[in-house]
Amino acid sequence: MNDNHDCVRAVHWEDNALRLLDQRRLPTEEIWLTLADTAAVAAAIRDMVVRGAPAIGITAAYGAVLAARHRYRSDPLAWRQTLQADLDLLRQARPTAVNLGWALDRVSACLDNLRGDPEAALLALARELHEQDIAANRRMGDLGAALIEAGSGVLTHCNTGSLATGGYGTALGVIRSAWRQGKLNAVFADETRPWLQGARLTAWELVRDAIPVSLVVDGAVAHLMQSGQVQWLIVGSDRIAANGDVANKIGTCTAAIVARYYGVKVMVVAPASTVDMHTACAADIPIEQRPAEEILQLAGRPVAAPGAQAWNPAFDITPAGLVDAIVTERGVVERPDATKMAALMG
Ligand code: MRU
């Protein structure tokens, strides 16, 4: 039990190295990996050791520190050119979460102003991004919780908590804050096939932080909403377009459509770094396709009929018109559209 209902951290910089809690192994094993170079960091992002848009961005910023150290020590004169290839490798690790490119843009801007060994400045930047993310999450927690009436039930999808961010979480941060304020009667998490982020990760975090959670299968979302037990669907995002369209874990759009049908409100919680004002609308958001084996197998064992194929988009788009509120650390946008998003982002 802790006062804050917030004890999990999954990204650490320790002894001059990047340490990640291997999210593929949760909840059965808590294994920490120490990453020494760019290729290992890019692989950790691609292979879901670390996942969740803000956590991916923070990890990439620490990855840039490792890359810069190696390149500068190898060639103190020509390190900038070779470092660029490392930053490109990190940028390509996953396509949908815009926080990855956002963090690497910050790294590039920092490098533009540097002379000499870049390691210390890049480490200071990575630490700053990490701390800012946690502070933004706490602010969003307050703003989002203020929208929720006492006695409410909530449903969340995927994992948007400390594991998916620098700490505290986006949608799960709102749930943490609302729980602490005594506003929630019930917290439901859906399993989130095929990676089971809800069953494996969200449930693990909430149980550790002493917040009671009930799992439902993804297919139970309509029946749950019809039963009247939830008043809010609260989710995160991997990229919010300039018109308020929301890319998030596959299944989010389904839940949002059902929510509208049953009068359940939809809250999207994401830092301003997730808002991509260069992407006009849903059609411009790249959707990651992942291997068919993620559907055809479970924990490495076949679960589908031999010979079956699979189509495995990792994200979907919830149109802005289905969203009741976008919560960022800059403020809340109700019923988002292009004009309101532009005003929010300045
Ligand atoms: O494939 P994942 O696990 O990286 O997908 C994560 C999500 O879709 C989250 O909802 C999103 O990144 C927001 S996390 C604060």
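**Ligand shell.** I looked up the ligand's neighbours first: 18 residues surround the ligand, and the closest are Arg 94, Gln 197, Asp 238, Asn 248 and Lys 249. I count a residue as near if one of its heavy atoms lies within 4 Å. The model is predicted; local features need pLDDT of at least 70, side-chain atom pairs pLDDT 80 or more, while totals for chains, interfaces and linings use all residues. Numbering runs from 1 along each chain as its sequence is written, and side-chain values use heavy atoms, without hydrogens or water.

I sorted the shell by class: 6 nonpolar, 8 polar and 4 charged residues. Gly counts as polar here, and Tyr, Cys and Pro are among the nonpolar. Domain 1 (3-135) and domain 2 (142-345) each give the shell at least three residues. These bounds come from an automatic or database domain assignment.

**Ligand oxygens.** I checked distances next. A ligand oxygen atom lies 2.7 Å from a side-chain N or O atom of Lys 249. For Arg 51, a side-chain N or O atom is 2.8 Å from a ligand oxygen. At Ala 53, a polar backbone atom is 2.9 Å from a ligand oxygen. The ligand alone exposes 410 Å², and the protein buries 100% of that. Areas are Shrake-Rupley, with a 1.4 Å probe.

**Backbone.** Most peptide bonds are trans, and most residues other than glycine have a negative phi. Leu 26 and Pro 27 are joined by a cis peptide bond, with omega about 5°. Arg 193 and Pro 194 are also joined by a cis bond, omega about 5°. Tyr 168, not a glycine, has a positive phi of about 80°.

Conventions:
A polar contact is a pair of N or O atoms within 3.5 Å; within protein, one must be able to donate a hydrogen and the other to accept it, and residues adjacent in sequence count only if both atoms are side-chain atoms.
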